[in-house]
Amino acid sequence: MNRDRKDPPAPEEDRDAPETPHQERKRKHHESENQDEALEETFPASDPVSPFVPAKAPD
């Protein structure tokens, strides 16, 4: 099971232990991958431009 930093610690997990450089790189890479995936899922951020061109108003 994957856990985020915001999740409460598992009973066997020691959150007070310092993070090793390897763990920090792995965590940051995972966070970066999650952010990239979230960005891709929200693209495009707005609706596409409508190709509709209104007709001229009658005189």
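How many salt bridges does the count come to in this structure? When a salt bridge is taken as a side-chain nitrogen of Lys or Arg within 4 Å of a carboxyl oxygen of Asp or Glu, the count comes to three. The structure is a predicted model, in which local features need pLDDT of at least 70 and side-chain atom pairs count only at pLDDT 80 or more, whereas totals for chains, interfaces and linings use all residues. Residues are numbered from 1 along each chain as its sequence is written, and side-chain values use heavy atoms, with hydrogens and water left out.

The protein chain holds one helix and zero strands, where helices (H or I, at least four residues) and strands (E, at least two) are DSSP runs numbered from the N terminus. Of its 59 residues, 3% count as buried, a term that stands for under 20% relative accessible area, with exposed meaning over 50% and partly exposed the range in between (1.4 Å probe, protein chains only). The accessible surface of the protein chain comes to about 6,200 Å², and 55% of this surface belongs to carbon and sulfur atoms; such areas come from the Shrake-Rupley method with a 1.4 Å probe, and for residues only the protein chains shown count as cover.

Arg27, which has its place in helix α1, takes part in a network of salt bridges that links Glu19, Arg27 and Glu31. With Glu19, the side chain of Arg27 meets in a salt bridge at 2.8 Å, N to O, and the two side chains also make a polar contact at 2.8 Å, that is, a pair of N or O atoms within 3.5 Å of which, within protein, one must be able to donate a hydrogen and the other to accept it, residues adjacent in sequence counting only if both atoms are side-chain atoms. With Glu31, Arg27 forms a salt bridge in which the closest N and O atoms are 3.3 Å apart, and both residues lie in helix α1, four residues apart, or about one turn of the helix. Side chains of opposite charge can pair when their charged atoms come close. In a separate relation, Arg27 and Arg5 are 22 residues apart in sequence and 9.3 Å apart in space, C-alpha to C-alpha.

A salt bridge also joins Glu24 and Lys28, with the closest N and O atoms 3.3 Å apart. Because Glu24 and Lys28 are four residues apart in helix α1 (residues 21-41), about one helical turn separates them. Glu24 counts as partly exposed at 33% relative accessibility, and Lys28 is likewise partly exposed, with a relative accessible area of 46%.

Glu33, Asp36, Glu37, Glu40 and Glu41 form a negative surface patch. Patches are made of residues with over 30% relative accessible area and no salt bridge, like charges being joined within 9 Å and nonpolar side chains (Val, Leu, Ile, Met, Phe, Trp, Tyr) within 5 Å; Asp and Glu count as negative and Lys and Arg as positive, while His and the chain ends are not counted. Asp36, one of the patch residues, is found in helix α1 and counts as partly exposed because its relative accessibility is 39%.

Note on methods: The place of a charge is taken as NZ of Lys, CZ of Arg, CG of Asp or CD of Glu.
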